[in-house]
Amino acid sequence: MIGFLTLLEKEIKRFLKVIIQTLISPIISSFLYLLVFGVSLGNSVQMKNGVPYLSFLIPGLMVMGLINNSFQNSSSSIVTSKFSGDLEDLRVVPITNMQIIMAMGLGGVIRGFLVAFVTGLVGYTFHYFKLGEVMKIEHPFWILFFVLTGGLTFSFMGIFIAFIAKTFDQLSAFSTFILLPLTYLGGVFVSIETLHPVWQTVSHFNPLFYLINGFRYAVIGFSDVDLTISILVSLLSVAITYGMARYALVKGSFSRW
Amino acid sequence: MNQIPLELKNLIKTYPLKESGKFVEAVRDVSFAIKPGEIFGLLGPNGAGKTSIISTITTLEKPTSGQVEVFGVDVTKDPLFTKKQMGVVHQEIINTGFFTIEEILKFQSGYYGLRNNQPRIDYLLEKLSLKEHRSKNVKQLSGGMKRRLMIAKALVHSPKLLLLDEPTAGVDVGLRESLWNFVTELKNEGIAILLTTHYLEEAEKLCERVGIINKGKIIFIGETHAVISQYSTKKVHLEMKSGLKVSFTDVASMGLVEILEKNKIAFSDIKNIKVDEGKLEEAFSKMVNS
Ligand SMILES: Nc1ncnc2c1ncn2[C@@H]1O[C@H](COP(=O)(O)OP(=O)(O)OP(=O)(O)O)[C@@H](O)[C@H]1O
Ligand SMILES: [Mg+2]
């Protein structure tokens with residue numbers, strides 16, 4: 001247990017050393033997204049149930065910050081350790097694979113949560129000044145639930161990719177070709193109903209779609225997907241990506257690049 | 001469990017080569033054991049398989065066949081137990097950019113389940129002359145300091161088995177001496193030490209026993225002085241009172257009196273005698289090249 005806590009502490013201290021970059025860049029990007037999409041474009045977008053587009057967009061941006069940073073944290077932790085050679089040390093000390101995965105997973109969740117939180121603060125500020133009222137949070141418990149499951153899923157994914165990646169390019173290829181489309185087709189910016197039917201079908205195979213909608217439900221009280229399905233898919237995603245991370249630790253390489 | 005800190009039984013390690021579909025036979029049927037309080041030197045040229053052996057002991061690599069046992073426990077069967085018994089100094093230097101020496105040693109203690117390990121950390125910082133650098137970031141350290149940090153890391157949990165993969169590479173002469181003294185101290189505490197090195201002088205000074213490995217095979221294993229007397233050339237240089245100088249080589253098996261008698265030299269004619277016992281280095285190159 002002490003071994004696990006130490007590793008978690010190290011993961012947290014690691015990103016706290018770069019906390020400014022960690023938080024400034026999502027502040028800037030969410031500020032820009034909100035300015036362009038939320039405020040300028042938002043006036044012409046009509047959502048069902050009369051929800052302002054800004055309220056629709058904010059939870060989506062929060063999830064985007066969450067998953068990107070969870071993924072980033074665990075994958076960059078592993079990749080930099082591969083460069084410096086201290087990933088080998090992790091294999092040499094008496095810590096189990098499960099402890100490694102959980103510590104890195106939670107480290108990613110915490111960073112992802114911080115970014116989502118800051119994104120939320122920026123969003124709420126926008127919301128207040130644009131619409132003159134504070135945005136309500138409908139279901140705080142489910143927010144925590146989706147932060148945890150979504151964060152873990154993408155941290156585990158980061159572990160998986162970083163361990164099996166042979167080069168830095170493979171890692172960034174994953175971000176560009178998999179993560180980015182998943183995010184954009186997952187309903188961060190638009191409701192699925194506005195998409196072409198083909199893309200609607202595709203979206204239903206995207207686990208991120210359920211996560212975003214679950215989280216959106218937690219914040220604004222409704223979404224494109226039934227809550228139960230979102231919960232089940234999110235739990236299943238955690239289980240599957242955990243399995244993938246474990247596989248990578250057993251099969252992948254701890255040796256340096 | 002038993003009392004043998006390390007035992008290798010017919011260890012074989014081959015690496016697949018993805019590109020050609022061939023195999024590299026890095027370790028070929030290696031067996032040896034190390035006793036508590038013993039420094040065992042593993043010597044061999046580049047690519048001989050020394051690091052591969054260490055990697056299988058630490059479970060960084062899986063043995064292709066054969067066993068590695070630490071205190072009688074197979075490292076692949078109960079790695080948590082065997083990992084707790086050993087400390088490792090890797091050949092390649094680590095270069096983490098994020099943390100200070102002190103933080104790294106605290107984390108390392110935590111990995112072994114040790115919360116309040118400050119006295120041990122202070123002791124190691126002192127012993128390895130790292131005290132004044134304790135709050136420096138690893139990136140700010142010189143190569144020799146990093147090497148010493150790695151040694152400190154390997155020792156935070158007071159292991160009973162220490163694996164040193166070329167621990168003095170890049171360490172200057174003065175510090176090398178003090179490291180040797182430190183390693184000897186550890187040995188006197190009863191720690192078993194596996195040392196690989198390219199400095200044969202180091203092996204000669206520290207190791208009671210050595211194994212010489214070439215192309216994955218152990219070609220000699222035994223006491224260090226036995227290797228030297230068996231494989232190196234003993235030389236005797238005589239300076240006569242007349243000013244004449246004579247040298248006799250390849251006289252390993254002969255005593256001085258025997259040499260003098262055989263060459264009909266009277267003891268009283270000799271002004272000075274110098275005996276060159278031969279060096280491990282010479283024995284080593286003879287063996288490896290034969
Ligand atoms: N991960 C690996 N994959 C493929 N081949 C490897 C791998 N690691 C080592 N080898 C090969 O195995 C052989 C033994 O290498 P090893 O690193 O064990 O030698 P060494 O005795 O430690 O050498 P040195 O003195 O240079 O450190 C070499 O031929 C090396 O190329
Ligand atoms: Mg080596």
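How many nonpolar, polar and charged residues make up the shell around ligand 1? By class, five residues of that shell are nonpolar, seven are polar and two are charged, where Ala, Val, Leu, Ile, Met, Phe, Trp, Tyr, Cys and Pro count as nonpolar, Asp, Glu, Lys and Arg as charged, and the others, Gly among them, as polar.

The structure is a predicted model, in which local features need pLDDT of at least 70 and side-chain atom pairs count only at pLDDT 80 or more, while totals for chains, interfaces and linings use all residues. Residues are numbered from 1 along each chain as its sequence is written, chains are lettered from A and ligands numbered from 1 in the order in which they are written, and side-chain values use heavy atoms, with hydrogens and water left out.

The surroundings of ligand 1 come first. This ligand is surrounded by 14 residues, the closest being B:Asn46, B:Lys50, B:Thr51, B:Ser52 and B:Gln91; a residue is near a molecule or strand if one of its heavy atoms lies within 4 Å of it. Polar contacts (pairs of N or O atoms within 3.5 Å; within protein, one must be able to donate a hydrogen and the other to accept it, and residues adjacent in sequence count only if both atoms are side-chain atoms) can be followed atom by atom. A polar side-chain atom of B:Asn46 is 2.7 Å from a ligand oxygen. Polar backbone atoms take part too: one of B:Gly47 lies 2.8 Å from an oxygen atom of ligand 1, and one of B:Gly49 lies 2.9 Å from an oxygen atom of ligand 1. Taken alone, ligand 1 exposes 630 Å², of which the protein buries 65% (Shrake-Rupley accessible areas with a 1.4 Å probe; for residues, only the protein chains shown count as cover). Strand S2 (23–34) and helix H1 of chain B each give two or more residues to the shell, and H1(B) has the largest share, with three residues. Helices (H or I, at least four residues) and strands (E, at least two) are DSSP runs, numbered from the N terminus.

S2(B) also belongs to an open sheet of four strands with antiparallel pairing, in the order S2-S1-S4-S5 of chain B; two strands pair if DSSP finds at least two bridges between them. S2 and S5 (73–74) are the edge strands, each pairing on one side only. S1(B) and S2(B) are joined by eight bridges, with B:Lys13 opposite B:Val27. The hairpin they form has six residues between the strands, and B:Gly21 in the turn has a positive phi of about 75°. Four bridges link S1(B) to S4 (residues 65–70); here B:Leu8 partners B:Val68, and B:Ile12 stands opposite B:Ser65.

Turning to open space, the largest pocket has a volume of about 1500 Å³. On a 1 Å grid over the protein atoms alone, a pocket is an open set of points where a 1.4 Å probe fits, with protein on both sides within 12 Å along at least five of seven lines, and lining residues have an atom within 4 Å of a point. Grid points are joined across faces, edges and corners, and a volume is the space filled by probe spheres set on the points. The lining has 17 nonpolar, 13 polar and 14 charged residues. The second largest pocket holds about 430 Å³, and its 22 lining residues include A:Ser29, A:Met64, A:Gly65, A:Asn68 and A:Asn69, which lie nearest its centre. Nine of these lining residues are nonpolar, twelve polar and one charged.
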